[in-house]
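Reader: I have a model open and a few things to check. Can we go through it piece by piece?

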Amino acid sequence: MVPLSCYLMLSGILFVCGVLGFLIKRNIITIFMSIEVMLNGVNLSFVAFAAHWHSLSGQVFVFFVMVVAAAEAAVGLAIIIAVYRTRETLNVDQVNLLKL
Amino acid sequence: MICVAGAVNLLVQSHPINSALSLIVVMASLAVEYLLLGAEFVAAVQVIVYAGAIMVLFVITIMLLNAGKEERSKGSRVAILLGVPGAAIGGVLVAWTLLHRANAETVAIGALPGDPKAIARLLFHDFLLPFEVTSVLILIAIMGAVVLASRPEAIARPHPSTPALEETRELVAPGKER
Amino acid sequence: MTPNPYLWIVPILPLAGAAINGFFGRQSSKRAITLIALFFCGSAFAMALFLAAGFSSASAPYYYDLAHWLRSGSFQVDFSFYLDQLSLVMLLVVTGVGFLIHIYSVGYMWDDDGYYRFMSYLNLFMFFMLTLVLAKNYLVMFIGWEGVGLASYLLIGYWFTKDSAAAAGKKAFIVNRIGDFGFLIALFLMIKHFGSLDFTRVFAAVQSLPTETVGVGLLTAIGLLLMVGAAGKSAQIPLYVWLPDAMEGPTPVSALIHAATMVTAGVYMVARSHMIFDRAPTALTVVAIVGTLTALFAATIGIAQTDIKKVLAYSTVSQLGYMFMACGVGAFSAGIFHLMTHAFFKGLLFLAAGSVIHGVGGEQDMRKMGGLRVYMPWTFMTMGIATLAIAGIPPFAGFWSKDEILWKAANASWVYWVIGVTTAFITSFYMFRLMYMTFGGEYRGAPVEAAHGHDVHAHDNHGHGDPHESPWVMLGPLVVLAFLSVVGGFVGYGNHFEHFLAPVFQQGADVVAQEASSSAEKITEYLLMGVSISVAGLGWLLAYLLYSRRPQLPARIAAALGGLYQAVAHKYYIDELYNVLFVKPLIDGSTTILWHGLDQGGIDAAVNDSATAARHVSDNLRHMQSGNLRSYAGWVAAGAAVVIAYMVWMGVR
């Protein structure tokens, strides 16, 4: 018997870790990985609630989230490769052509 | 615990490959959590898709691009100043809410059996449309990834031209060198 | 009260003339301009004569409501005109003397470039003055009041390219305005307490009020405020300072506006409001005191002036003081009588002075004149007649009116009489001084170049370089006015004038002193008359001694008096005093506080600084768009935290 809030807490911690990673890290691949961490945290909360409220829709949604995450990872990595070809760097601070 | 350790390690490590490995650790532990919650299908999918495919993709990219240790670079002060406190505040608020308002509900281990049959029933009945849309989404993602990551010349190689095609080209852009 | 539909035509005629000359004068020939101006002014005069001929005391007063104007609840004001004996006297004086001056100006201003402008302004002035005189309520009178102020400004500053003339015009208008402020407050009081500005209604309301013998009540307040307005318009202490400066304008302007008509508007207004003043003895006393003091004060300044027009200007202020003194002791008809005779002889004096100036080629300093009686005999004779009139020598016009005033003043208080007689002595002195300096002795001035070619002139064969007589177009009005200065006084003989005006002034004026008929009173009257004649003669004698027999004496006396003479010669430094007290603080305050402080510091700064602030803000904001991924993420995290906090807070509530 594990309290629900435990799962939710873990989910929150994972999410916060993901955000912090996004902010702190300089390597763009690492940033992507922290995005994945965030998504996983959200997935966990979905499953926890699904179990709590005895509704399978939560798990179905998790399925969809994973699909989207996969797609996004693929495209994102492709972008990274394309950027690396032109910029020769993986440092996100040096990819600031969008500045004013 | 392991999960949290893995997540923190991801932050701490400076070499991306180390971060990737710790991410795999996180995924695995999450799969175990799902099992605990009785979502077998989701756990399986997590391992296969996430830890198996996506992380492999990440590792391949890291090795392809020869990503090295992270160098020091001029970061953004805003990110540190605003973002970290923001994240911290958000986290604290959520935690506080949870601690305050949760009235000690518990979830039994294996409470809800999430066997594939039940999930499949939902997927193909109630959530059919989203299912199809996501499949199209994946297709588009594949195409986009291929286009983005391929070499420029591979895309722009012209088709072998016929006389009719040449005449049309002359009409559109007379005298313009291709 | 009988309606008379011709009343409104009288002011409109000169307005039409002003409009035609104003809009089309620039392209018209001088003959056309002259015709238009003289026609419309002359027709106004003819109209006035026609009204006078049809005037009958039985059916007076006449009125005419031309159009509706203001309606505000129970308060209403219309464009209405009014003619009673008082208005008739003023009307005839204004149109008659005005017409003569128009004729004179044709000759005087013929060579000026802005001839059409001058004629247009003259007609405009006539329109406003007639509106003032013929008004049936205080508001229409105020239109005329302000309008003559405007015309005065335009005409004084007629040669506006000259700095002193433009400044004089401004000074006249601004000082007038100060007086108008008092007038306005009085009007507001009338509206508040009587609910109307119409003469009949106001006076009917006033009639029911008791006489305010103690303290200051409503009527005293109104009376004092009206006096402020009159002081501004008629150049009494302390608002007389504009009149000497107004001599910058052409001489016909000085004659018309500042001798005959505009300055008398104040006296007319006080006379018209006699019912208010009759019931406010305090205000009436103030009027008398102000008038008396002004008369003496201005006369003393006049004896030291060297500019011929300035002497006449101070003389005007002094004579206006006499008129106010008369009104102040309740002798309103005497004041109006003097107004009429003053219009004749002062107008004549100014026109003749203009003739003199014209003849010596523009010189106005009397020390550079002299001996002109040989060169300009007609001017000399007419001016002489006017001088005799103003000095109060019988049987000329001025004697009758001035003596009437002195007699009535003596009845009120011997102090008034003493000051009045002293002023008469000084008046006689400086007028004859003017005559001797200008016309007597030998010509001390520079040779006169004939700088202009006249075609209206009757070319005399005079030696080139000598002062010459003026053309007949200018001399004609002089002669007419001289005639009037001689006979004008006889209307006062046997109190005919007073009886004529009696219906106006005796409505409810139960405090007006009745005409004495006892023999003891008659003897006193003749005695006082003799005194005033003798002081006039004494003044003449003194002037003769000082300026004709021993011309070197005045300089020695002036040197002996030293500082006192300097003070008088510099007009007691009043202008400088006003400058320090009022003008300079106002200008400095306006510059420092309003201009630098408010306008530049406040309003400009607000506009400029808001623009600068916008620039700063955007300058700082643009750093947000750094292209740096991580800062964007930071903003997103912060925003998410805000949203979460908000949702938690909402949930908690």
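Author: A term to begin with: a polar contact is a pair of N or O atoms within 3.5 Å, where within protein one must be able to donate a hydrogen and the other to accept it. Keep in mind that this is a predicted model.

Reader: OK. How many residue pairs are in polar contact between chain A and chain B?

Author: Three residue pairs, with both residues at pLDDT 80 or more.

Reader: What area do chain A and chain B bury between them, and what share of it is on carbon and sulfur atoms?

Author: About 6,300 Å² is buried between chain A and chain B, and 78% of it is on carbon and sulfur atoms. Within the area that chain A buries against chain B, A:Arg26, A:Met33 and A:Met66 supply 10%, more than any other three residues.

Reader: How many residues does each of chain A and chain B put into the contact?

Author: Chain A puts in 65 residues and chain B puts in 76 residues.

Reader: Which elements of chain A supply the side that touches chain B?

Author: Strand E1 (2-3), helix H1 (4-24), helix H2 (28-53) and helix H3 (57-87) of chain A each supply at least two residues. H3(A) gives the most to that side, with 23 residues. By residue type, the side of chain A that touches chain B has 47 nonpolar, 13 polar and five charged residues.

Reader: Which element gives the most to the lining of the largest pocket?

Author: H19(C), with six residues. Helices H19 (414-439), H22 (519-549), H23 (553-561) and H24 (563-569) of chain C each supply at least two residues of the lining.

Reader: How do the residues of that lining divide into nonpolar, polar and charged?

Author: The lining of the largest pocket has 20 nonpolar, five polar and three charged residues.

Reader: I have C:Ile419 selected. Where does C:Ile419 lie, in which helix?

Author: C:Ile419 is part of helix H19 of chain C. Leaving out residues up to four places away in sequence, C:Ile419 touches C:Thr292 and C:Leu296.

Reader: Back to salt bridges. How many does the structure hold over all chains?

Author: Nine salt bridges over all chains. One of them is between C:Asp84 and C:Arg272, with the closest N and O atoms 2.9 Å apart.

Reader: What does the pair of C:Asp84 and C:Arg272 tie together?

Author: Parts that are 188 residues apart in sequence, because C:Asp84 is in the loop between strand E3 (75-83) and helix H3 (85-108) of chain C, while C:Arg272 is in helix H11 (residues 264-272) of chain C.

Reader: Last topic, backbone. Is the peptide bond from C:Ile237 to C:Pro238 cis or trans?

Author: The bond is cis, with omega near 0°. C:Pro238 is in the loop between helix H8 (218-233) and helix H9 (242-245) of chain C.

Reader: What about phi of C:Ala235?

Author: Phi of C:Ala235 is near 55°, a positive value in a residue other than glycine. C:Ala235 is also in the loop between H8 and H9 of chain C.

Definitions and conventions
Residues numbered from 1 in each chain as written. Chains lettered and ligands numbered in written order. Predicted model: local features only at pLDDT ≥ 70, side-chain atom pairs only at ≥ 80, totals over all residues. Heavy atoms only, no water. Helix = DSSP H or I, 4+ residues; strand = E, 2+ residues; numbered from the N terminus. Nonpolar A, V, L, I, M, F, W, Y, C, P; charged D, E, K, R; others polar. Contact = heavy atoms within 4.5 Å. Buried area = accessible area lost by both parts, 1.4 Å probe. Polar contact = N/O pair within 3.5 Å; in protein donor to acceptor, adjacent residues only side chain to side chain. Salt bridge = Lys/Arg side-chain N within 4 Å of Asp/Glu carboxyl O.
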